[in-house]
Amino acid sequence: MLVPSIEHLGGILECRVNAWLVRRVLPERVVDTCRAIANEPLQRSLEIAPGTSIAPIVDGLPPEASETIGADARHLTAIFLAITNRRSAQVRLESVSCDACRKFHVDYVRMRMLVTYAGPGTELVANGDARREYIGRADLGFDEANRAIVPNASRVIHAREGDIVLLKGEAFEGNAGNGAVHRSPPIEERGERRLMLKIDLPGSY
């Protein structure tokens, strides 16, 4: 699940792989700026193809964040398009303050890329550490479901600020029943906020 560099992300196309995580360390000044941005409401979305300006995503942000996020969005979108063999991607930058996706789940999309610039990152679980029969059980509360899906909490892999997460979803060809198991970390009760970049294929939700 952990890969040493961005250059290895294309390996997610292998049938046995459904999630990659690349560890990165962002400059401290960038992280501090992103944490300040996360404290304000922010939601920007843009469909990007080769040659599309990234400016609408980063306009008005402090220079430290604008330069880093802008370069990231351009580079990671190009990688995402190469991996998915598509002409455009939906890029979204938003601040998050709620626990909307705090239950372990799978996405019904082909592929999704996530970067958390501020706050706790996405939590991932390897196939062997997840009990898929409990995913999507509406009769279970959040905590009960999470304990059932991942009995050993120590096996959860936590993305950090700046890390790149690439997830293969249920809609990827031949991947039904094998979507990457993950969740957003619970932050609402602790009063935390996140600043996130999400890259999807157009029409994904």
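A search of the whole structure finds zero aromatic pairs, where rings of Phe, Tyr and Trp (its six-membered ring) pair if their centres lie within 6.5 Å. The model is predicted, so that local features need pLDDT of at least 70 and side-chain atom pairs count only at pLDDT 80 or more, whereas totals for chains, interfaces and linings use all residues. Residues are numbered from 1 along each chain as its sequence is written, and side-chain values use heavy atoms, with hydrogens and water left out.

The ring of Phe142 has Arg102 over its face, at 3.4 Å from the ring centre, and Lys103 also lies over the face of Phe142, at 5.4 Å from the ring centre; a charge sits over a ring if NZ of Lys or CZ of Arg is within 6 Å of the ring centre and within 35 degrees of the ring normal.

In helix α1 (residues 28-38), the buried residues are Val30, Val31, Thr33, Cys34, Ile37 and Ala38, buried meaning under 20% relative accessible area and exposed over 50% (1.4 Å probe, protein chains only). Seen down the axis of α1, these buried residues fall within an arc of 165°, so they line one face of the helix, the arc being that of the directions from the helix axis to the C-beta atoms. On the other side of α1, Glu28 and Arg29 are exposed. The cover over the buried residues of α1 includes α3 (63-84), β4 (89-96), β5 (111-118) and β10 (194-200). Helices (H or I, at least four residues) and strands (E, at least two) are DSSP runs, numbered from the N terminus.

Methods
Rings of Phe, Tyr and Trp (its six-membered ring) pair if their centres lie within 6.5 Å; planes under 30 degrees apart count as stacked, over 60 as edge-to-face and the rest as tilted. Contact means heavy atoms within 4.5 Å.
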